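Biologist: I would like to learn how to read a structure like this one, feature by feature. Could you take me through it?

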Amino acid sequence: MDPMLLRLLLVVGLVALVTAAGAVWRRRDGRVRTGDAAVRLADHHLEAVGLDLDGRSAGAVLLGSPTCTPCTAVKRILHDLEAERDDFAWVYADAADHLDLAEAHRVLRVPTLFVVDADRRVLARSSGVPAADELRRVLDEGEPLEESSAA
């Protein structure tokens with residue numbers, strides 16, 4: 001085989017591989033995944049991050065970092081949700097300061113968002129910037145999303 005043709009095929013193969021990896025990354029980024037009803041954020045974790053759910057039906061914990069650019073977009077979404085709903089509160093926590101929470105829930109990247117109900121049950125979780133409508137639906141239903149609607 002001609003060495004030039006082999007190089008060209010190698011470049012085309014690499015471009016196809018990177019494009020496929022990027023498509024998978026984009027599909028997963030910000031996706032609101034269903035919460036497992038059995039998974040709860042522990043009281044000591046909520047106390048450590050400062051989330052008080054007394055009198056509220058739901059809350060959220062955003063794990064981020066000071067250099068996290070997407071965290072700003074997630075904070076804006078959470079501010080809007082908090083303004084819309086009297087029964088919703090959220091907190092931002094630096095993941096580096098709360099490694100036990102991050103390790104307990106296998107947080108691999110920031111921003112990671114946990115939406116919990118008053119019983120500390122995880123209703124939804126996302127990594128990246130979630131769609132505000134997906135979060136509204138989780139809060140409206142008060143139940144974990146079905147896997148088919150969370151995709």
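Predicted model: local features only at pLDDT ≥ 70, side-chain atom pairs only at ≥ 80, totals over all residues.

Biologist: Which residue forms a salt bridge with D133?

Modeller: The general idea comes before the case. Side chains of opposite charge can pair when their charged atoms come close. The rule used here asks for a side-chain nitrogen of Lys or Arg within 4 Å of a carboxyl oxygen of Asp or Glu. D133 meets that rule with R136, their closest N and O atoms being 3.1 Å apart. R136 is partly exposed, because its relative accessibility is 23%. Salt bridges with shared partners join E84, D133 and R136 into one network. D133 and R136 are 3 residues apart in helix 5 (residues 132–141), so about one helical turn separates them.

Biologist: How many salt bridges does a search of the whole structure find?

Modeller: The search finds 7. One of them joins D43 and R120, with 3.2 Å between the closest N and O atoms. This pair links distant parts of the chain: D43 is in helix 2 (residues 43–49) and R120 is in the loop between strand 4 and strand 5, 77 residues apart. D43 is partly exposed, because its relative accessible area is 46%. R120 is partly exposed as well, at 22% relative accessibility.

Biologist: Are R121 and D117 buried or exposed?

Modeller: R121 is buried, because its relative accessible area is 15%, and D117 is buried too, at 8%. The two form a salt bridge whose closest N and O atoms are 2.9 Å apart.

Biologist: What should I look for in the backbone?

Modeller: R120 has a positive phi of about 70° although it is not a glycine. R106, also not a glycine, has a positive phi of about 55°. R106 is in the loop between helix 4 and strand 4, and it counts as exposed because its relative accessible area is 70%. As for omega, the peptide bond from V110 to P111 is cis, with a value near -5°. P111 lies in the loop between helix 4 (99–104) and strand 4 (112–117).

Biologist: Which charged end sits over the ring of Y92?

Modeller: A charge sits over a ring if NZ of Lys or CZ of Arg is within 6 Å of the ring centre and within 35 degrees of the ring normal. K75 does this, with its charged end 4.1 Å from the centre of the Y92 ring.

Biologist: Which residues form a nonpolar patch on the surface?

Modeller: Patch members have over 30% relative accessible area and no salt bridge; like charges are joined within 9 Å, and nonpolar side chains (Val, Leu, Ile, Met, Phe, Trp, Tyr) within 5 Å. Here M1, L5, L6, L8, L9 and V12 make up the patch, together about 620 Å² of accessible area, computed by the Shrake-Rupley method with a 1.4 Å probe and only the protein chains shown as cover. L8 is in helix 1 (residues 3–28), and it counts as exposed because its relative accessible area is 52%.

Biologist: What is the radius of gyration of the chain?

Modeller: It is taken over C-alpha atoms, and the globule rule is 2.2 Å times the number of residues to the power 0.38. The chain has 19 Å, whereas a compact globule of 151 residues would have a value near 15 Å. Its C-alpha trace spans about 70 × 35 × 30 Å along the principal axes. Of the 151 residues, 40% count as buried.

Definitions and conventions
Residues numbered from 1 in each chain as written. Heavy atoms only, no water. Helix = DSSP H or I, 4+ residues; strand = E, 2+ residues; numbered from the N terminus. Buried < 20%, exposed > 50% of the residue type's maximum accessible area, 1.4 Å probe, protein only.
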